[in-house]
Amino acid sequence: MALFFGPSDEYKVVVIVRTDLDMGKGKIAAQVGHASVECALAAEKRDRKAFDAWMASGQKKVVLKVSSRDEMIRYMAEARSKGIFACKITDAGRTQIEPGSDTCVGLGPAPTSELDRITGSLKML
C-alpha cells in the first residue's frame, strides 16, 4: 500500500532499537544503518512516491528505543497494519550478541504525522 499525502508533507524513517541487548555504540550504529538502508531500498522499489518525498525532505531519520523484543515487534506490527513498510534487522552474531538476535526495526519512509501516531510515545536513543 503506497502512502502519499502530498508535496508539503515531510517524510521520515524511524528506527526502533532494543536496549535490552546492551549493544555498544558502534554496534547500534551498524544496526541502525542496516535498517535505514533496507527501508530506503524497499521504498525506492515498492513506493517510489514515498521514496521521492523522503529524499526531497532531507532523508530524515529518527532513532528511538524500546526495552524488549516484544515491544519492538508490537510497533512493527502496528506500522504494517497501517500500510507502512517495516523491516526487522536480525544480527548474524559475529561480534557482540547472540546469532539470530533481532536488534532493531526500521519503519518508513512515511509521513512524519503517520509515524508519530505510532511511535510518538517512545524516547530517543
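Two strands pair if DSSP finds at least two bridges between them. Helices (H or I, at least four residues) and strands (E, at least two) are DSSP runs, numbered from the N terminus. The model is predicted: local features need pLDDT of at least 70, side-chain atom pairs count only at pLDDT 80 or more, and totals for chains, interfaces and linings use all residues. Residues are numbered from 1 along each chain as its sequence is written, and side-chain values use heavy atoms, with hydrogens and water left out.

**View 1. Five strands make an open sheet.** The strand order is E3-E4-E1-E2-E5, and the pairing is mixed. Axes are lines fitted to C-alpha atoms, for helices over the stretch in contact; angles run from 0 to 180 degrees between N-to-C directions. Helix H4 (residues 112-119) lies across E1, E2 and E4. H4 runs at about 140 degrees to E4.

**View 2. Strand E4 pairs with E1 and with E3.** E4 spans residues 102-111. Strand E1 (residues 11-18) runs antiparallel to E4, joined by six bridges. Here Val-15 stands opposite Gly-106. Strand E3 (residues 86-90) is also antiparallel to E4, with five bridges between them. Ala-86 has Leu-107 as its bridge partner in E4, and Thr-90 stands opposite Asp-102. How many residues of E4 are buried? The count is 10 of the 10, so E4 is largely enclosed by the rest of the structure. Buried means under 20% relative accessible area, exposed over 50%, and partly exposed in between (1.4 Å probe, protein chains only).

**View 3. Helix H1 packs against strands and a helix.** H1 covers residues 25-46, 22 residues in total. From first C-alpha to last, H1 reaches 31 Å, close to the 32 Å expected at 1.5 Å a residue. That expected span is 1.5 Å times one less than the number of residues. The buried residues of H1 include Ile-28, Val-32, Ala-35, Ser-36 and Ala-40. The buried residues of H1 pack against E1, H2, strand E2 (60-66), E3 and E4. Gln-31 sits in H1. Its relative accessibility is 3%, so Gln-31 counts as buried. Leaving out residues up to four places away in sequence, Gln-31 touches Met-23, Ile-89, Asp-91, Thr-103 and Cys-104.

**View 4. Arg-46 of helix H1 is exposed.** Its relative accessibility is 60%. The C-alpha atoms of Arg-46 and Phe-85 are separated by 9.3 Å. Along the chain, Arg-46 and Phe-85 are 39 residues apart. A second pair of residues gives another distance. Tyr-11 and Arg-94 are 83 residues apart in sequence and 34 Å apart in space, C-alpha to C-alpha. Tyr-11 is found in strand E1. Tyr-11 is buried, at a relative accessible area of 0%.

**View 5. The structure holds zero disulfides.** A disulfide is a covalent bond between the sulfur atoms of two cysteines. The criterion is a pair of cysteine sulfur atoms within 2.5 Å. Cys-39 is buried at 0% relative accessible area. For Cys-104, the closest cysteine sulfur is also in Cys-87, 7.2 Å away and too far for a bond. Cys-104 counts as buried too, at 0% relative accessibility.

**View 6. A search of the whole structure finds one aromatic pair.** The rings are those of Phe-51 and Trp-54, with centres 6.3 Å apart and planes at 50 degrees, so the pair is tilted. Rings of Phe, Tyr and Trp (its six-membered ring) pair if their centres lie within 6.5 Å; planes under 30 degrees apart count as stacked, over 60 as edge-to-face and the rest as tilted. Phe-51 and Trp-54 are three residues apart in helix H2 (residues 48-56), so about one helical turn separates them. An α-helix has 3.6 residues a turn, so residues three or four places apart point the same way. Are the two partners buried or exposed? Phe-51 is buried at 10% relative accessibility, and Trp-54 is buried at 5%.

Key
Contact means heavy atoms within 4.5 Å.
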